[in-house]
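Q: Hello! I am new to reading protein structures. Could you walk me through one, feature by feature?

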Amino acid sequence: NILKQGKSIQLFSLEVPKGVVLINLVWAFYDISTGSVEYGHQNAKLKEFYDTFKNQLLIEDNKTSLEQIEASVIANNKDCVFIDYVQNITSHGKDEYERMTKIAQEIQKLAISTWKPFFDLSQVSNEGTKYKVGDMIPSKGSGAFVHACDIGLVLTKWDETDITKNRNIIKLSLAKNKFWVKDIEYTLDADMATCSFKFLADNTK
């Protein structure tokens with residue numbers, strides 16, 4: 001959606017190779033099911049996507065330290081930055097809490113100094129799988145990410161006792177919002193074949 005608006009993106013993929021990220025973006029962009037298209041058609045869509053957005057989209061999978069990320073953000077000057085995911089950023093610290101606190105603080109400083117929106121994807125703590133609207137955001141490692149963010153969204157799996165358990169139903173909770181209301185919950189249908197989410201019509205919470 002950001003690309004469709006003509007904006008540029010820098011995405012740091014710290015978990016999977018950039019080729020996988022690119023393929024997932026292509027399937028979501030064209031609403032293509034990964035299992036329903038021929039190999040040649042896949043390549044054609046990949047080329048079309050790359051030719052269209054090669055100047056707008058920068059995916060990096062070889063920069064893992066705070067210093068590398070900061071230098072690249074400043075050098076490339078894209079409109080917004082995605083980091084997937086922040087627990088894989090390398091930094092010095094006595095323990096996980098101290099390390100993740102430093103990472104959260106440095107990313108916040110970088111966002112402020114460059115005046116760019118940062119989308120930081122985070123793992124959740126073990127307790128996070130039981131998240132309910134109104135709870136604290138269950139970020140793994142340090143609560144500093146919760147304090148540093150302007151908007152906090154939590155994605156959790158739907159309660160398996162629900163009648164829709166055979167569908168890939170995801171809960172999206174607006175857990176923090178410095179600018180307006182919070183504690184709002186939406187239900188999404190996750191289409192894993194096209195790497196996309198769709199809001200369900202019965203969103204009322």
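Q: Which residue takes a positive phi in the hairpin of β7 and β8?
A: Good place to begin, and please keep in mind that this is a predicted model. The residue is C195, with a positive phi near 55°. That hairpin has four residues between its strands.

Q: In what order do the four strands of the open sheet lie?
A: Follow the sheet from one side to the other and you get β2-β1-β3-β4, with parallel pairing. The edge strands are β2 (57-60) and β4 (118-121), since each pairs on one side only. From one strand to the next, the twist averages 10°.

Q: How many bridges join β3 to β4?
A: Four bridges join β3 (residues 80-84) to β4, and the two run parallel. For one example, find F82, whose bridge partner in β4 is F119. While you look at strands, remember a general idea: in a regular strand the side chains alternate between the two faces of the sheet.

Q: Which strands does helix α1 touch?
A: Helix α1 (residues 18-30) packs on the sheet and touches β1 (9-13) and β2. The direction of α1 makes about 140° with that of β2. Another helix, α4, lies across β3 and β4, running at about 160° to β4.

Q: At what angle do helices α3 and α4 pack?
A: The angle between α3 (residues 66-76) and α4 (residues 96-114) is about 10°, and their axes are 11 Å apart. Angles under 35 degrees count as roughly parallel, so α3 is roughly parallel to α4.

Q: Which residues meet where α3 contacts α4?
A: From α3 come L66, E70, V73 and I74, and they meet K102, I103, E106, I107, L110 and T114 in α4. By type, the residues of this contact divide into six nonpolar, one polar and three charged.

Q: Is I103 buried or exposed?
A: Buried means under 20% relative accessible area, so I103 in helix α4 counts as buried at 0%. Leaving aside neighbours within four places in sequence, I103 is in contact with L66, V86, I89, S91 and F145. Take S91 from that list: S91 and I103 are twelve residues apart along the chain, and their C-alpha atoms are separated by 7.1 Å.

Q: How many disulfides does the count come to?
A: A disulfide is a covalent bond between the sulfur atoms of two cysteines. Here the count comes to zero.

Technical notes. Residues are numbered from 1 along each chain as its sequence is written. This is a predicted model: local features need pLDDT of at least 70, side-chain atom pairs count only at pLDDT 80 or more; totals for chains, interfaces and linings use all residues. Side-chain values use heavy atoms; hydrogens and water are left out. Axes are lines fitted to C-alpha atoms, for helices over the stretch in contact, and angles run from 0 to 180 degrees between N-to-C directions. Angles under 35 degrees count as roughly parallel, over 145 as roughly antiparallel, 65 to 115 as roughly perpendicular and the rest as oblique. Contact means heavy atoms within 4.5 Å. Ala, Val, Leu, Ile, Met, Phe, Trp, Tyr, Cys and Pro count as nonpolar, Asp, Glu, Lys and Arg as charged, and the others, Gly among them, as polar. A disulfide is a pair of cysteine sulfur atoms within 2.5 Å. Two strands pair if DSSP finds at least two bridges between them. Buried means under 20% relative accessible area, exposed over 50%, partly exposed in between (1.4 Å probe, protein chains only).
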